[in-house]
Amino acid sequence: MNDPEEKEGNKVPGDNTNESGHSEGFYETRPDNASDEPVQQPGSGNPIPETPQEQIVEEADDNADELAMKNAVRRKTIIGLSVLLGMLILFVLGFAWVINQPKDQKAYRPLRKVMDFNVKVNKQFYKESHLAATYPVSKAEKNPRVNGDLGMDTSFKVEDWQLYVVNVDCHDTLVFNMDSIKKLPKTEICFNFKCIEGWSQVTYWGGVRFIDFVNHYHLATHNHKPINPDYVDELARYAGFQTPDNEYYVGLDIASALHPQTLLCYEMNGKPLPYDQGAPLRLIVPVKYGIKSLKRIGVIFFSDKRPADYWYEQGYDYDAAL
Amino acid sequence: MKRLEKKHPLAIRWFHWTNFPVLAIMIWSGTLIYWANDIYRIGFGDKTLLKFYPDSFYKAFNIDGRLAEGMAWHFVFMWFFFINGLLYVLYTIFSGEWRLLVPDRKSFKEAIQVTLYDFHLSKYKPPQDKYNGAQKIAYTSIIIMGIGSLITGLAIYKPVQWGWVTWLCGGYTSARVIHFILTIGYVLFFLIHLVQVILAGWNNFRAMVVGFDVVENKENISTPEHTETGPES
């Protein structure tokens, strides 16, 4: 905003009386601490005594300088305001450009790109040892909120339920019943369940750690062996979950699926899972928003390709990680 | 005779004006998010004096049912808000400008005097540097509030991976409340700021755009009246 051509030839009278710091034309550089500035006291005497003749010359100079300064002020003001206005217009145009871009899974494409970037940034900070805070069971909500009924077809009968599992690099479907899950060690967790809408509730769940299930049945690995921490390359990159009617479906990155707090859950508050909470088996993923804790699991599959995800398709970020 | 006096460095003017639309987007998108669980209110017991927000507000600004969109904008513009704020703070530190901004012991007394003067309750206007005591407190508070928004924001955004930050904020629910109150704080700050800028006049506003003040020359300033009041800001 400083135009260099303005700097020459227009001197302000104040320049003469001042010691230094006038390399920038009109500007007087304000000292860092204004109290250092010597304040002229009345009666302390003018540093430059003026004879009448000098005064006349200065007045003439003053008028010319004042006019030049007025013009300069006007110019600089117009330039400055134009730059500001231009900047704000550019901002509005940028906004308009974004909302006119095609959507990628219901999110404007530029925003979607940054959301995907955020997922990568957040992965840098992900650690398996970072656990969702746990609470004493006494703090748990007696009737946890049921927030959605997607995939919860009311004609479904719990006693007809079976779990279908497709392992990675495998075309056969494995079929599980409740006994094949309940025979594994039971794990309980009481944590603050967080909904993407913003509410949260302390809730208490019981079930089988997903990693225990995977290890016991040799799932999620390309070599179809239990997970070997030294060969994480053998792991499928994702786990997908679907309701029996496939109306609701979520995908988890394998790290979050195998997180020690992720449960195949069949109990709530120490009792069998209620029908509207996803009986007989639901997912509990404390390291993700509730949208990932799918109720009534019908199908589990492992894949290196990112599984479809209901809320991702509705414009949310894929990760929904906490 | 008048002369120009440098007031706001170019960098600070850019940070200031960049922050304006960025913060506007953050508040707007934050409201889109808040709508999905709009539980805050001012009231006693069952009596609600003010609900955040009334339905008419949602209607007027077309807020309903845009949670995903709000999150998308919020988590894109958080970067601009963070980077712009960080650069501003670094600039004030390395340029020494912070000395004019950070309040000292005198500032609090001065702030009261300035407030009384502004409300015409007192005729005494305390002398000031670039900023008066009230301004120093306000402009430093707003930076602390910004840092508060970033910290509580992170606490809400990643309460598991950044669990210790959430803990520092007094937990997830508490972090959300603080984050919301800070936002209301920005809106109030903005309104007062706007009134003050209008009252301070064109020369003051222009200084934030072009960087200089037009001031009376020193020979004239050195009258007793002027040395006592100091230059307007």
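How near do the axes of H6(B) and H8(B) come, and at what angle do they cross? They come within 9 Å and cross at roughly 145°. Axes here are lines fitted to C-alpha atoms, for helices over the stretch in contact, with angles running from 0 to 180 degrees between N-to-C directions.

## Ground rules

This is a predicted model, where local features need pLDDT of at least 70 and side-chain atom pairs count only at pLDDT 80 or more, while totals for chains, interfaces and linings use all residues. Residues are numbered from 1 along each chain as its sequence is written, and chains are lettered from A and ligands numbered from 1 in the order in which they are written.

## The two chains

Chain A has six helices and twelve strands, whereas chain B has eleven helices and four strands. Both elements are DSSP runs numbered from the N terminus: helices are H or I with at least four residues, strands are E with at least two. The C-alpha trace of chain B spans about 60 × 40 × 35 Å along its principal axes.

As for burial, 32% of the 322 residues of chain A count as buried, and 27% of the 233 residues of chain B do. Buried means that 20 or more other C-beta atoms lie within 10 Å of the residue's own, exposed means 12 or fewer, and partly exposed is in between, with C-beta atoms placed from the backbone. Contacts are pairs whose C-beta atoms, placed from the backbone, lie within 7 Å. In chain A, 65% of the contacts with a separation of 6 or more are between residues 24 or more positions apart. For chain B, 66% of contacts between residues at least 6 apart in sequence join residues at least 24 apart.

## Helix H6 of chain B and its partner

H6(B) runs over residues 133-157, and its 25 residues reach 36 Å from first C-alpha to last, close to the 36 Å expected at 1.5 Å a residue. That expected span is 1.5 Å times one less than the number of residues. Its buried residues include Gly133(B), Gly146(B), Ser149(B), Thr152(B) and Tyr157(B). The buried residues pack against H3, H4, H5, H7 and H8 of chain B.

Back to the pair from the opening: the crossing of H6(B) and H8(B) is left-handed. Left-handed is the label when the near helix is turned anticlockwise from the far one by less than a right angle, and right-handed when clockwise. On the H6(B) side the contact includes Ile142(B), Met145(B), Gly148(B) and Ile156(B), and on the H8(B) side it includes Tyr172(B), Arg176(B), His179(B) and Phe189(B). The residues of this contact divide into nine nonpolar, six polar and one charged. In that tally Ala, Val, Leu, Ile, Met, Phe, Trp, Tyr, Cys and Pro are nonpolar, Asp, Glu, Lys and Arg are charged, and the others, Gly among them, are polar.

Leu168(B) sits in helix H7 of chain B. Leu168(B) counts as partly exposed because it has 14 C-beta neighbours inside 10 Å. From Leu168(B) to Ala155(B) is 13 residues in sequence and 8.5 Å in space, C-alpha to C-alpha.

## Nonpolar cores

The largest nonpolar core holds 78 residues, of which Ala220(A), Ala239(A), Leu264(A) and Cys265(A) touch the most other members. H3(B) supplies the largest share of this core, nine residues. Apart from it lies another core of six residues, among them Ile156(B), Tyr157(B), Tyr172(B) and Ala175(B). A core is a set of buried Ala, Val, Leu, Ile, Met, Phe, Trp, Tyr and Cys residues joined through C-beta atoms within 7 Å.

Leaving out residues up to four places away in sequence, Ala239(A) touches Ala220(A), Leu252(A), Ile254(A), Ala257(A), Ile300(A) and Phe302(A).

## Loops worth a look

There's a cis peptide bond from Ala279(A) to Pro280(A), with omega near 0°, and Pro280(A) is in the loop between E10 and E11 of chain A. Another cis bond runs from Phe52(B) to Tyr53(B), with omega near -5°. Tyr53(B) is in the loop between E3 and H2 of chain B.

Asn246(A) is not a glycine, yet has a positive phi of about 55°. Asn246(A) lies between E7 and E8 of chain A, and counts as exposed because it has 11 C-beta neighbours inside 10 Å. His120(B), in the loop between H5 and H6 of chain B, has a positive phi near 60°. With 7 C-beta neighbours inside 10 Å, His120(B) is exposed too.

Technical notes. Contact = placed C-beta atoms within 7 Å.
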